[in-house]
Amino acid sequence: MFGLHFGHISSVGSASQLRSLVSALKRNDDPVTLLMTLQELVELLAMSTEESFIGVDISELVRLLGGALRNHDATGSMTMSTVNGNPDSMLLACRCLSNLLEALPLSGSIMCRHNVIEALCEKLFEIEYIDLAEQALSTLEHLSVSFPDKICEAGGMSACLMFLDFFPTSVQKSALTCAVNCAKAITGDLFPQAKDSLQVLERTMFSDEQSIASLS
């Protein structure tokens, strides 16, 4: 009984903290303060459960994190403009999204509505920061379990495979897993834009030189 009561208190406290951090993300225009807010959010989301999000505006949270990942607010306002060109802020925003998916799987559909998948793919089409690209791949792999069609529509298969050899083996496995999940979801409408990526994936999966090609 005590354990249940303590758990309820803990969840209420986490929800209150999350609401405060969402508000902080909306109003912060100082890059240092914003970076600290994102770092705190990363850590809090890593410890959160579904109960932690009671009363939290998940759509607003995803919108702000997606804006940070893109270097601008999702609505086009200047609210998040201070993260422009800041790789640390973009990386933390991406980690927040990944941790949010772990804690609240249903947030994936909200990420799709706020074009987070497109933002993640952008970080792979033009790689500026390797840590950010690796985190983007990891997050896409997670999303590919439930939303492979959305990733295909955003050109995600190509994004995952474009610089495959550039990544370490563990990250290559994430990229291939994501691509395979996408391949399973390809329909006739998506085939023309995915055809080249499918050929690349086929060569990679059956190459003797690719020890990571033994994916289940």
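Modeller: In what follows, exposed means over 50% relative accessible area, buried means under 20%, and partly exposed lies in between. The model is predicted.

Colleague: Is Phe166 buried or exposed?
Modeller: The cut-off for exposed is over 50% relative accessible area. Phe166 has a relative accessible area of 54%, so Phe166 counts as exposed.

Colleague: Is Phe167 buried or exposed?
Modeller: Buried residues fall under 20%. Phe167 has a relative accessible area of 4%, so Phe167 is buried.

Colleague: What arrangement do the rings of Phe166 and Phe167 adopt?
Modeller: The structure holds one aromatic pair. Its ring centres, those of Phe166 and Phe167, are 6.0 Å apart. Planes over 60 degrees apart count as edge-to-face. These planes stand at 75°, so the pair is edge-to-face.

Colleague: How many helices are there in the protein?
Modeller: From the N terminus on, the elements run α-α-α-α-α-α-α-α-α-α-α. Zero strands are present. The helix count is 11.

Colleague: What share of the residues of the protein counts as buried?
Modeller: The protein exposes about 10900 Å², and carbon and sulfur atoms supply 53% of that area. The chain has 216 residues. The buried share of them is 48%.

Colleague: Among contacts between residues at least 6 apart in sequence, what share joins residues at least 24 apart?
Modeller: Contact here means heavy atoms within 4.5 Å. Take the contacts between residues at least 6 apart in sequence. The share joining residues at least 24 apart is 71%.

Colleague: How many salt bridges does a search of the whole structure find?
Modeller: Glu60 and Arg63 meet in a salt bridge, 2.7 Å from N to O. Glu122 and Arg70 meet in a salt bridge, also 2.7 Å from N to O. The search of the whole structure finds two.

Colleague: Which helix holds both Glu60 and Arg63?
Modeller: Both residues are buried. They are three residues apart, so about one helical turn separates them. The helix spans residues 58–70 and is H3.

Colleague: How far apart in sequence are the parts that Glu122 and Arg70 tie together?
Modeller: The side chains of Glu122 and Arg70 form a salt bridge. Glu122 lies in helix H6 (residues 116–125), while Arg70 lies in helix H3. Therefore the pair ties together parts whose separation in sequence is 52 residues.

Colleague: How many residues of H3 are buried?
Modeller: H3 reaches 18 Å from its first C-alpha to its last, close to the 18 Å expected. Its buried residues include Ile58, Leu61 and Leu69. H3 is mostly covered, and of its 13 residues the buried number is 11.

Colleague: Which residue caps the N-terminal end of H3?
Modeller: The cap is made by a side-chain oxygen, 3.3 Å from the backbone nitrogen of Ser59. At the other end, just after H3, Asn71 takes a positive phi of about 80°. The residue that caps the N-terminal end is Asp57.

Colleague: How many residues of H4 are buried?
Modeller: H4 covers residues 87–103 and reaches 24 Å, close to the 24 Å expected. At its start, a side-chain oxygen of Asn86 reaches to within 3.0 Å of the backbone nitrogen of Asp88. H4 is largely enclosed by the rest of the structure, because of its 17 residues the buried ones number 13.

Colleague: How far apart in space are Lys123 and Leu69, C-alpha to C-alpha?
Modeller: Lys123 lies in helix H6. Lys123 is buried, at 12% relative accessible area. Leaving aside its neighbours within four places in sequence, Lys123 is in contact with residues including Leu69, Asn71 and Met90. Lys123 and Leu69 are 54 residues apart in sequence, but their C-alpha distance is 8.8 Å.

How values were computed
Residues numbered from 1 in each chain as written. Predicted model: local features only at pLDDT ≥ 70, side-chain atom pairs only at ≥ 80, totals over all residues. Heavy atoms only, no water. Salt bridge = Lys/Arg side-chain N within 4 Å of Asp/Glu carboxyl O. Helix = DSSP H or I, 4+ residues; strand = E, 2+ residues; numbered from the N terminus. Buried < 20%, exposed > 50% of the residue type's maximum accessible area, 1.4 Å probe, protein only. Phe/Tyr/Trp six-rings, centres within 6.5 Å; stacked < 30°, edge-to-face > 60°. Areas by Shrake-Rupley, 256 points an atom, 1.4 Å probe, with all protein chains shown as cover. Expected span 1.5 Å × (residues − 1). Polar contact = N/O pair within 3.5 Å; in protein donor to acceptor, adjacent residues only side chain to side chain.
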